[in-house]
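Subject: A structure for you to explore

Hi there,

Here is the structure I promised to pass on to you. Have a look around, and then read on for what turned up.

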Amino acid sequence: MTIFDIAIVGGGASGLAAAVMARQLGASVVVLEKNVRVGKKLLTTGNGRCNLTNALAVPGDYFGATGVMAGAMGAFPPAKVVAFFESLGLMCLETRGNRVFPLCDQASAVLDVLRCAVEESGGEILTGFEVRQIKKNGHFSLADGDGREISAAHVIFATGGPAAPSAGGTDAGFPLFKQMRHRVTKLFPALTQLETAPEPIRPLKGIRIDGAITLYVDGRPAASDRGDILFAEYGLSGTAAMAVSRFAAIALDEKKRVVASVSALDMSHEAALSLLKARFMRMPRRPLEDFLTGTVNKRLGQTLLKASGAMPFSREAGTLGEAELSAIARNLVDFRLPVTGTRGFATAQVTAGGAAAEEFSPDTLESLRVKGLYACGEALDVDGPCGGYNLQWAWASGLFAAMNAANQKGQP
């Protein structure tokens, strides 16, 4: 039976990067992918454009067990990740927000250069091979449910997480960690949408604004982000909502009270009140239904007026009292919506939680419990914000794990 130097479980972003690096260092490699093709989830990233990395990404930008990141991010910071892809023939372009995309704007090109690099260098890719059992007796033995078995001196778990199941996301890899005596932390959806009480936002479906969301947990601010906000029939979407969703998911699981504060204007309550008083003086005869027209979206303005108790809409603006003006100003910059849930793993872009990262060496990403076992990417308890951060971790950790595993080839 052939014994590979390295078997990589999972043919996603981190697994394919690991395979390329391992072959470049001369290790024999097999990638074991449960789906019928590798890199399915990679094709959906960046709305099909693939936001490869963020040029300024550092471990301090991430969440979870970030102590495990030092070695990988030090060895393969964003500039070296870009250089790696350019060495494979992929031209890259840095855009607004320090985001790096393939110049051709095609996620498929990213997958193709990785796949070609593995195959052209003699690496093997086995699709439809779902590892169900792993054992170690000198070397590792990995078996699927059909009786097939692969042997390897070293194993890299690049199994990903359950986010985006329609694109191949799964939690099937975590039982393998447990078979190797590793703990798995609780899993939560991250970079997903927020569900809120339906009544306040029902009239706002389809409205998109550039604003900010602050998440309050039991009355205290827990996270905030500024960017795109989309009002949907279920709640809030857009980059700002997705950025705070991991904190909402964890807090709700802990039975805490979660509220999202939406700020439609980038100013203080006092500044918003001054703006409203100026409008009040200029247009006292204007009916309330149009009082905020030109300041925010008309439907949003009317919703905020209603939430402030400024009714009926047929009233003239000049009838507003000081307390009503203050309430309207408050809602313009701090419109609070109770959060009832998130949209879950089905729409999540990444998984929060995973294999307990403190059980892997930050210097090599090798298991501290099982010699020769490595882990990388989303499978570990590390997740990042939107904007190329999660793929940066996938590439860096995959390349780093493979580099260290390959340097040990020939050793048990």
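Predicted model: local features only at pLDDT ≥ 70, side-chain atom pairs only at ≥ 80, totals over all residues.

T196 belongs to strand β12, which covers residues 194–196. Leaving aside residues up to four places away in sequence, T196 touches I201, Y234, G235, L236, L337, P338, V339 and T340.

Next, a pair of helices. Find α3 (residues 78–87) and α11 (residues 389–406): their axes come within 10 Å and cross at roughly 75 degrees. Angles of 65 to 115 degrees count as roughly perpendicular, and α3 and α11 are therefore roughly perpendicular to each other. On the α3 side, the contact is made by P78, V81, F84 and F85, while α11 brings Q392, W395, A396 and L399. What kinds of residues make up the contact of α3 with α11? Seven are nonpolar, one is polar and none is charged.

C50 has a relative accessibility of 0%, so C50 counts as buried. C376 is in no disulfide either, and its nearest cysteine sulfur, that of C50, is 16 Å away. C376 counts as buried too, because its relative accessibility is 0%.

Finally, some backbone details to look up. Most residues other than glycine have a negative phi, and most peptide bonds are trans.

- The peptide bond from M311 to P312 is cis, with omega near -5 degrees. You will find P312 in the loop between α9 (298–307) and α10 (322–333).
- N47 is not a glycine, yet it has a positive phi of about 55 degrees. N47 sits in the loop between β2 (29–33) and β3 (53–54), and at 80% relative accessibility N47 counts as exposed.
- R181, also a residue other than glycine, has a positive phi, near 70 degrees. The loop between α5 (174–179) and β11 (188–190) holds R181, which counts as exposed at 52% relative accessibility.

Enjoy exploring, and write back with any questions!

Best wishes

Technical notes. Residues numbered from 1 in each chain as written. Heavy atoms only, no water. Helix = DSSP H or I, 4+ residues; strand = E, 2+ residues; numbered from the N terminus. Contact = heavy atoms within 4.5 Å. Axes fitted to C-alpha atoms, helices over the stretch in contact; angles between N-to-C directions. Parallel < 35°, antiparallel > 145°, perpendicular 65-115°, else oblique. Nonpolar A, V, L, I, M, F, W, Y, C, P; charged D, E, K, R; others polar. Buried < 20%, exposed > 50% of the residue type's maximum accessible area, 1.4 Å probe, protein only. Disulfide = S-S within 2.5 Å.
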